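Let's take a walk through a protein model together.

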Amino acid sequence: VLEGSGRRESVASMPGVERVSLDLLLPVAEKALKLGVPALALFPVVGADKKSEGAEEAWNPEGLVPTVVARLKQEFPELGIITDVALDHYTSHGQDGLIDPADPRGYVLNDETIEALVKQSLCHAAAGADVVAPSDMMDGRIGAIRAALDAGGHIQTKILAYSAKFASAFYGPFRDAADSTPAFGDRRAYQMDPANGDEAVREALLDVGEGADVVMVKPALPYLDVIRRVKDATNLPVAAYNVSGEYAMVKAAAAAGHLDERATVLETLTAIRRAGADIVITYHAKDAARWLQK
């Protein structure tokens, strides 16, 4: 979602995907609802003037996300709205957490970041978000957010925990689209080692214990085994994020005539469901819904 009005920007690395302002998002939401897509996941793109070391814009009640959430719920109350809870869209350095100013390595402060994430979650819930989705991978944030939501009277607001978010090479196109590439370093210090499936299961169980309503594995296709393991271990609804790199590969191969896009997408989404995902977040959603209706 872009600030302003009448704004539409294509994303070179993600054919068919656009960044749009709220007024242009409304017809997209209406079409998605008519196609049977049950929810939209929102990701903001804000200007450099809204970014800071402390990411204060992340919980501005008049900011982009709460404004968009409130309008979508007003226009389409039956459409589920999922908001991204993370600071990378709002930090001047692009990291998901607050940085220790005294550490030349750019150390991410876990507990201070959680305090900011709690404020952001409460802001989104107050605007009407059905689901808040912490994607930051800080330790202990699910419990803190659940306690704050309940204390604030938002007992119906669900938490979709990015429980197993791997340090993946498949995120590149999204970072281009969301303008959230870190200014220094990377996020491997607080994302998961792709080789360590055991840690993914442990983290998912920790999030369940802290009050998550749904646990997520991200990316999806390279981690189908992890989806199955998390599903078997938690007995909770499991979400899988069919990420931007997975989407871009299919689109590029189809454009080059190497694959049948419709057949490939439906087979891919079927595989993710077969692995155990109850929910799939995907950029193919509208196309897949249209194909399934036929």
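Here is a short tour of a few spots where the backbone or the packing is worth a look.

Bear in mind that this is a predicted model. Start by finding K218 and P219: the peptide bond that joins them is cis, with an omega of about -5°. Where does P219 sit? You'll find P219 in the loop between β9 (214-218) and α7 (224-234).

Now follow the chain to the loop between α7 and β10 (238-242), which is where N235 is found. N235 isn't a glycine, yet its phi has a positive value, near 60°. Is N235 buried or exposed? Its relative accessible area is 67%, and the cut-off for exposed is over 50%, so N235 counts as exposed.

Next, go over to A55, in the loop between β3 (39-42) and α2 (64-75). A55 also has a positive phi, about 60°, although it is not a glycine.

Which residues does F43 touch, once you set aside its neighbours within four places in sequence? F43 is in contact with V1, D84, H89, Y162, F174 and Y241. Take D84 from that list: F43 and D84 are 41 residues apart in sequence, but their C-alpha atoms are 6.2 Å apart in space.

Note on methods
Residues numbered from 1 in each chain as written. Predicted model: local features only at pLDDT ≥ 70, side-chain atom pairs only at ≥ 80, totals over all residues. Heavy atoms only, no water. Helix = DSSP H or I, 4+ residues; strand = E, 2+ residues; numbered from the N terminus. Buried < 20%, exposed > 50% of the residue type's maximum accessible area, 1.4 Å probe, protein only. Contact = heavy atoms within 4.5 Å.
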